[in-house]
Amino acid sequence: MAPWAGSGRLWRVTLGHASTRPFPPATHRERLRRAAREATDRGLEALLITPSHDYAYLLGYLAPAMERLTCLVVPADGVPSLIVPRLEEPLARGQLGELADYLELEAWDETDDPFARVRQRLGAGVGRVGVQDQMWARFVLRLRAILEPMELVEAGHAMAALRRRKSAAEVDRLRAAASAADDAMRAITDERLSGRTEAEVSRHIGELLIEAGHDTADFAIVGSGPNSASPHHDPGERLIEKGDAVVLDIGGSRAGYGSDTTRTAFVGEPPPEFSALYEVLQRAQAAACRIVAPGVPADQVDAAARDIIAQAGYGEQFVHRTGHGIGMETHEEPYIVAGNAEPLQPGDAFSIEPGIYIGGRWGARIEDIVVCTEDGGERLNTSERDLYLVT
């Protein structure tokens, strides 16, 4: 359960320059072709993509986001084009490599109007254009004005359809990221936690994630004692002490793909009441993992965990969805939540992370990344799921 971006709880430790580490040019050419087909299938005549994870997914590098417009134009029919500021052209050509031959790369000068360049690329008679979800408002408003009467709609559904089904190579990267996060989790739960502040342990987990092979350490929730009942707790100066439950939710990025795993520890011997709560949680998490298979609706995975927790009397204390998709972003489709009846597909990668939170006392969560395979599901995280007893 990674914190949401911009919450103040998201922090980052970076080792050098974190690259998306592109796949071979043929992979990105095929992704661009698939994007054009997806646009056609959704009644769109083009997709407009600015620097973002969508941009990196299609082109293999993440251009800097700035006040100067960089825009990838993917027509439903025709050659994709990349409109970049003149000063960014050398970077774009260098990062694109052979892929540059598949695109029409157009650089604009400081006195040019890049939005007019986009209109020229789209041509006349275009009706509906998909705009990348995280495009800055300043760009959307300028495009809307200059492209009128074209209709601008969200491109998110089209891009999500492309990105949610992970290839074998993408799953390999997710598996490596999960393994690195497992190494960091094993390391921190082998250490003494009592007498240290939550913030100190959180910072150290960031170091452990980098040591284990992450390019970036993006978050490390450490919620101890009553703070363990806050799913997105911001680690503070509270000292961890004997008798505390400690929720450890950690993750980052490795080779452009994310990790996200949660384990729960207890300082000293847990009382029977907490052990009983944790046993319910383990059964719920295992049941949700077992049900994963192609064709199973996402909300049935949620129900598999939620029903067990509710039957044990903790239904009101499970306050969030069971999971979220993961890939180049820590939160992406599919979402494992009540009401999402969309069937799982091979290649879907997502968290399964039920939690039980007793306000003012303690909480617990178990989280694994799971990939839907052709005949079931694979847990990518392999660290121990029993309650960690620590000093």
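Colleague: How do the residues lining the second largest pocket divide into nonpolar, polar and charged?

Modeller: Happy to walk through that one. In this predicted model, the lining of the second largest pocket has 8 charged residues, 4 polar and 3 nonpolar. The space inside comes to about 290 Å³. Among the 15 lining residues, D133, Q134, A160, E329 and E332 are the closest to the pocket's centre.

Colleague: Which element gives the most to that lining?

Modeller: That is α6, with 5 residues. Both α6 (156–163) and β13 (332–336) supply at least two residues each.

Colleague: Let's turn to the sheet. How should I read the strand order?

Modeller: Start with the general idea: strands of a sheet pair through backbone hydrogen bonds, either parallel or antiparallel. Here, 6 strands make an open sheet, running β5-β4-β3-β2-β6-β7, and the pairing is mixed. The edges are β5 (104–108) and β7 (151–154); each has a single partner strand, so one side of each is left without a neighbour in the sheet. From one strand to the next, the twist averages 25°.

Colleague: In which sense do β2 and β3 pair, and over how many bridges?

Modeller: Strand β2 (residues 46–49) pairs with strand β3 (residues 71–75) in the antiparallel sense, over 4 bridges. To find one of these on screen, pick L47: its bridge partner in β3 is V74.

Colleague: And which strands does helix α3 touch?

Modeller: Helix α3 (residues 89–96) packs on the sheet and touches β4 (81–85) and β5. The direction of α3 makes about 140° with that of β4.

How values were computed
Residues numbered from 1 in each chain as written. Predicted model: local features only at pLDDT ≥ 70, side-chain atom pairs only at ≥ 80, totals over all residues. Heavy atoms only, no water. Pairing = 2+ DSSP bridges. Axes fitted to C-alpha atoms, helices over the stretch in contact; angles between N-to-C directions. Contact = heavy atoms within 4.5 Å. 1 Å grid on protein atoms, 1.4 Å probe; cavity = no way out; pocket = protein on both sides within 12 Å on 5 of 7 lines; lining within 4 Å. Points joined across faces, edges and corners; volume = space filled by probe spheres on them. Nonpolar A, V, L, I, M, F, W, Y, C, P; charged D, E, K, R; others polar.
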